[in-house]
Structure formats: structure tokens, C-alpha cells
Amino acid sequence: MYKLSQVTKDYPKGRATVHALRGVNVEIADGEWLSIQGPTGHGKSTLLQLLGGLDRPTSGSLELNGRDLARLGENAMTKVRASQIGFIFQTFNLIPTLSAQENVETALVPLGIKDSARRSRAAEALASVGLSDRARHLPSELSGGQQQRVAIARALVKEPKVLLADEPTGNLDEDTRDEIIGLLEKLWQDNGLTMIMVTHDSTVARRAQRLGTMRNGQLTVKQTVK
Ligand SMILES: Nc1ncnc2c1ncn2[C@@H]1O[C@H](COP(=O)(O)OP(=O)(O)OP(=O)(O)O)[C@@H](O)[C@H]1O
């Protein structure tokens, strides 16, 4: 589980400082789905980056399963990211020159998994998102929804405990959005993932168990009504 205490994040901006996070306190249980909404520029992506170990807080502690990511060395942090945390983004972030299969395999390279196992695990992950028949396609040959499915397979092929999603349906039409959220919900349940999703879309946000709102760098969380 995550346990954040008084997490702040400042960015220098010329001579001034942007206080992107101003004391975030939250616990996120294993297996929970938390959505985060809030106005633009109020710290949502910053928080997700810290949860993913892509950046560190300016102050406060950010524990994942008892280890404070704020104080972890770079090598240990890289290991945590490679093995425990999957990311998906609004813009999919696939490598344009690699096929769907190769894009998924890239997630296993840092784990030192050998070629044949990499191939079979990536094929399984593509099957789990319904894309076995598109394995050899380049991202440019896939629809937006299919590209997001590849990105989901890439995030989950390493069997992480945590999935972080930054506006995962932001570039998709409504029907495709519903398909992708349905898929994420299924994968969340089947794999017991902890899922933290930033979204502007209230329909998507309400599917979570808890709903957080970021405002002025602070997070308030409530239970969603089902
Ligand atoms: N690398 C950076 N350097 C300087 N300032 C930054 C950096 N990243 C974010 N900021 C600033 O921190 C604040 C919070 O940004 P953040 O991207 O977390 O907001 P957000 O809520 O995710 O917004 P959006 O909904 O538009 O994605 C903003 O004022 C932003 O300009």
C-alpha cells in the first residue's frame, strides 16, 4: 500500500517557485481503485509521477509497501519502477518504429528476462487485451483504442502490483473509452491491482471505489456512491 505524509513538490520557475503539491496525505490500500480529478494545473500529474517513482517529493514521505520512495537510491528506484509499477498515458507513448509485440517486450528487458520467455509473455499480454491478431502491426497501423490496449499490455506484462493511469481515455471517443475502462476494470479485478487513475471524465472517475480531488496541490478523498 501507499502511505503519503505531508508530501510537497516545488518546481523552480525562473526566480519564482511553483508549489505543485502542498502537503498531500493519503493512504491507498492494496487492490484499491482510486480516481483523481481536479482543475488543470493543480498537481494531478505531479502526484502520479511521484507515486510512480519518476520524480521525488521536495519534502514529506511517500511509502510504497513500507519503503520510502522519497529516500530510495536511484538503482533501487529503477528496480521498483521496472518490477512493481505500470504506467499508461493519454498519448499511449508507444515506440513508433516497433511492432505491438516488440513494444510490449520492451517492458521485460530491464528485468533480464530472456528472449523466448519475453516473446511468450508479451504474446500472452497482447492476448489478454484482445490483440493477438495485431501483434505485428506498428502503432501507426492501429486505432487509438488498439494503441491504448498495447500500452496496457506493456504496462501489465511485468505483472506489477500498481497501475498508474494519466488520462487513459483522454484521446478516445465515448464508445472506445467505455471499452478501455471496461478492460481496465476487468484487469484490475483479475490481477488484484492497485489502480490510480487521473481523469477529467466524471463517468470514468465514478467507476472507482474512491474519488480524490486535487485542488491547489492538496488532495481530498471520498468514497464513491454505487
Ligand atoms: N517539470 C516542471 N517544471 C516546472 N513546473 C512544473 C513542472 N511540472 C509541472 N509544473 C507545474 O506544476 C503545477 C502542477 O502541474 P500538473 O501537471 O501536476 O497539473 P495537472 O493537475 O496534472 O494539470 P493537467 O490537468 O493540465 O494535466 C502547474 O503549475 C505546472 O505548471
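Modeller: Happy to. Let's start at Asn65, which sits in the loop that links β4 (59-64) to β5 (67-68). Please keep in mind that this is a predicted model. The backbone at Asn65 has a phi near 50 degrees, a positive value in a residue that is not glycine. Is Asn65 buried or exposed? Asn65 counts as exposed because it has 12 C-beta neighbours inside 10 Å, and the cut-off for exposed is 12 or fewer.

Now look at the strands on either side of that loop. β4 and β5 belong to an open sheet of four strands, ordered β2-β1-β4-β5, with antiparallel pairing. β2 and β5 are the edge strands, and each has a single partner, so one side of each has no neighbour in the sheet. As background, strands of a sheet pair through backbone hydrogen bonds, in either a parallel or an antiparallel way.

At the other end of the strand order, β1 and β2 run antiparallel and are joined by ten bridges. If you want pairs to click on, Tyr2 stands opposite Ile28 in β2, and Lys9 has Leu21 of β2 as its bridge partner. The two strands form a hairpin with two residues between them, where Gly14 takes a positive phi near 60 degrees.

Which residues come nearest to the ligand? Of the 13 residues around it, those are Tyr11, Ala20, Thr40, Ser45 and Thr46. The elements giving two or more residues to this shell are β1 (2-13), β2 (16-28) and α1 (44-51). Among them, α1 contributes the most, with three residues. Sorted by class, the shell holds seven polar, four nonpolar and two charged residues.

Val221 lies in β10 (residues 218-223), and its contacts beyond four places in sequence are Val26, Arg210 and Gly212. Val221 is 185 residues away from Ile36 in sequence, yet their C-alpha atoms are 8.5 Å apart in space. Val221 counts as partly exposed because 15 other C-beta atoms lie within 10 Å, a count between the cut-offs for exposed and buried.

Glu167 lies between β7 (162-166) and α6 (174-191), and it has a positive phi of about 50 degrees although it is not a glycine. Why is Glu167 called buried? Glu167 has 20 other C-beta atoms within 10 Å, and 20 or more is the cut-off for buried. So Glu167 is buried, whereas Asn65 is exposed.

Setting aside residues up to four places away in sequence, Val162 touches Gln84, Ile85, Gly86, Leu193 and Thr194. Phe87 is 75 residues from Val162 along the chain, and the C-alpha atoms of the two are separated by 8.5 Å.

Key. Residues are numbered from 1 along each chain as its sequence is written. This is a predicted model: local features need pLDDT of at least 70, side-chain atom pairs count only at pLDDT 80 or more; totals for chains, interfaces and linings use all residues. A residue is near a molecule or strand if its C-beta atom, placed from the backbone, lies within 6 Å of it. Ala, Val, Leu, Ile, Met, Phe, Trp, Tyr, Cys and Pro count as nonpolar, Asp, Glu, Lys and Arg as charged, and the others, Gly among them, as polar. Two residues are in contact if their C-beta atoms, placed from the backbone, lie within 7 Å. Two strands pair if DSSP finds at least two bridges between them.
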